[in-house]
Amino acid sequence: MAEEVRKVPLKPIHAWEETRPPRRKSPRKSPQQQQELCVPQPFHADSPSPGNASCFMGPDSQEKETLEYINAFLKGNEQEEAKKLEFLDCVITISRAVLTRHPERNLAAFLGKALLVKKIKELIDLESVDSLTSGVRQQAMLAVMELSKVKPLLRGMELSSLLTVCFSSVFSLPPAETNQGLEAALYNNTLNTMDELLKALVCEDEKPNLVVLQNIVEVLLPWTASKEVHVRLRAVGRITWLTKFISGQHKFKGVEEFRVLGQLVGCLTLCSAEQEQEICRSAMEGLHHLYAFMLRQKCTMLANQSAEYLQVLREWRAENTFWVTWFTNTSNIAMMFGKYFNSSERMDFLLTAIEGMRDTSVHDSVAARHMLHVILWVPSPSLERVSEAVRSVYHNLDSISEPLAQQQLLKALVVLGDQYSEEVVTTLLGCSLSCDSVAVEMWRVLTSHPKTAGKVLRELLDRLQERPLRQHHDVSQREAGVAPLAVSSSPCSKGRSAVGKLQHLLPDFVEQLHEADRDVISNAITVLKDILTGMDRQSASPVAVQVAEKLLPFFHDESSKLRVLSITLFKHLLEFVRGPSRRKMKEHVLRSLVPLLLLLHDERPNVSQVCWDTLRSAVEFLRWSQLGALLQKKELWRGCDCLVACYKRRAETFLCQTMAFLENPQAPIREAAIRFLGLTARQLDQKSLEKLDAIFNVLKGLQQDSKSSVRCLASQTMLILNACKKHRPARASLQTLLHRMRLMCTRESPVIEAAQLP
């Protein structure tokens, strides 16, 4: 596409000259009214102090008329294009008059500059972006250009707001090739005027001011990422125009405050890899001018004829000859600029590369990852603002789907973790508040890489020791500490010093088992398992008993993940218990048997299997050979009968545990609970028969269950228990009922067969 054309001289367009109405004589005013034109009026937002007013000469009659017209236009709401053009012409006229006739060049003695700029912005903003048929845009920018030559200066938000309006109005116009005839000429003139305006703003204070240039570039850069090709072309073209201008200058103001170089080079590097050739060429030219500017600044800081000075001079000359070929490769660009970047500029370049890898970016992700790879390995001073890079990885990783780009981003994280482990850990802890998959993946990468694992874990432990997890009142803050340890606690099991530090945090992780958030609990369980694995048995034994008690409530949690984690850890805890702790642990093991027996019927194979494994370990811990033999033969319900027969005194405890499973959402578990409830109820002594009433009420409710098998089983169990209650003194009848109950519980069914896994 042919968006840019040859520059043409700037001058008011003929259309404006033709439509401008003749000047009208204003009515004669009294001397007092005439004097009001020569001093600051109420709307003069930036008037000078009274002591400076005497420096200005009063306006002549033509200037008075111009001021009157401006004043009237500012107070009105004129919509005619001709009147708008007349107003802008008056602004140009009065600006030139102040510039040539008044030594201080201060417009504030006549008009408020800020008010004029505000009105001009309104005029530009009202222009249609669907087509270009009006000369108001160009004339408005000419007016601002003339205003830039007089005081007070435009700065800060006022300048940024003006630039935003100008760029939006011009960049959003249809592509240049859609313009024909007068529209094409008007478009060229408008774009040329914008370039001259930008140059005038940079030089508003006589010498080129890099702080002003930075303000302009910061407003321009977002336009280089537009989805529209012609918009990106216009934005890159303006940047190239400005870089060409500054590359030829020798003296600047605000050099030390020009902090946008790294980001600017990064954006142009991405644009230089575009498929659209016109954008590519313009970006390469901009990089060429920026490189010249950067080396010129470098030379001013070096002693003449020093070895470094001569080396820079040689590179400058070589680049000036071969720049067309040098800037066709993103890796070369990153290398060339990277060795001259300061630490902050290097970080800005890095952050720009990360943004360029996003799926939503219009730029080439391959070029972006090459930029990221090179800038991290270029020999240079230490990086600043490492926390920004970590946060950028966190916020962007999930938005990058290309595998190689993801891999490069994680490699960058490893490099940062190796060199700046303290900042990386501190920042990532803050990012881990939500404990999402991105944070977990970042911790996993950092702790699985040999270069970073030790450093990162030591820093993490130091942070947590400074303020233990239990002192964080906010759940999310505690969670932030648990998450990284959950994925990293496996460098630590190999090093006794690291294990010692983790043991110091054991109370904190045990405390996490009381949290309401299941992710926090899951992470705490993972960490506790690894901490205990790294401890000696004598130290681990009492801790295992303490943890086992807190795990039991999670056996029937609604989260299958938490069920598996808690039951698995319970099994491992049995291996740690030694000596006096066995008696305390035995009580927890007995309390685990009913949940484990019922959860053998869990529809999820991973839950069922872990229950079988843990049940075998529990029976082995109890040294109960009879029950162990029954389980070995897969005689599940005979094993249940054996349990309730051997522990008649715990019948009420078994009933309470069983009844908690009658409301389980899985029908096979509800069925198993009903069967076990029937077996247990027959062991109640005479004093506990009132418990049967509560059991009957629960079973009556299950007669309305959604599953017919549950309804049938509940009704059958009620009949048997009712008969058992009535004929309890008759031993023969009781034996008959017990025989029926055993048949009911041991009857072959798909549910039981499915539960009896090998």
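A crossing of two helices is called right-handed if the near helix is turned clockwise from the far one by less than a right angle. Please keep in mind throughout that the structure before you is a predicted model.

Let me first describe the chain as a whole. It contains 37 helices and 0 strands. Of its 758 residues, 54% are buried. The chain exposes about 34,300 Å², and carbon and sulfur atoms supply 51% of that area.

I turn now to the helix pair. Two packed helices are described by the angle between their axes and the distance between the axes. Helix H14, residues 330-338, and helix H16, residues 365-377, have axes that come within 8 Å and cross at roughly 35°. The crossing in which H14 passes H16 is right-handed. On the H14 side, the contact is made by Thr330, Ser331, Ala334, Met335 and Gly338. On the H16 side, the residues are Ala367, His370, Met371, Val374 and Ile375.

Next, I ask you to find helix H10, which covers residues 229-247. H10 has 19 residues and spans 27 Å from its first C-alpha to its last, close to the 27 Å expected at 1.5 Å a residue. Is H10 largely enclosed or largely open? Because 17 of its 19 residues are buried, H10 is largely enclosed by the rest of the structure.

Serine 95 lies in helix H4, residues 81-101. With a relative accessible area of 1%, serine 95 falls under the 20% limit and is therefore buried. Leaving aside residues up to four places away in sequence, serine 95 touches Glu146, Leu147 and Val150. Serine 95 and arginine 105 stand 10 residues apart in sequence, and their C-alpha atoms are 8.8 Å apart in space.

Finally, the cysteines. How many disulfides does the model contain? The count comes to 0, with two sulfur atoms required to lie within 2.5 Å. Cysteine 267 is in no disulfide, and the nearest cysteine sulfur, that of cysteine 271, is 6.6 Å away. Cysteine 267 counts as buried, since its relative accessibility is 12%. Cysteine 280 is likewise in no disulfide; its nearest cysteine sulfur also belongs to cysteine 271, at 9.4 Å. At 9% relative accessibility, cysteine 280 counts as buried.

That concludes my presentation. Thank you.

Key: Residues numbered from 1 in each chain as written. Predicted model: local features only at pLDDT ≥ 70, side-chain atom pairs only at ≥ 80, totals over all residues. Heavy atoms only, no water. Helix = DSSP H or I, 4+ residues; strand = E, 2+ residues; numbered from the N terminus. Expected span 1.5 Å × (residues − 1). Buried < 20%, exposed > 50% of the residue type's maximum accessible area, 1.4 Å probe, protein only. Areas by Shrake-Rupley, 256 points an atom, 1.4 Å probe, with all protein chains shown as cover. Axes fitted to C-alpha atoms, helices over the stretch in contact; angles between N-to-C directions. Contact = heavy atoms within 4.5 Å.
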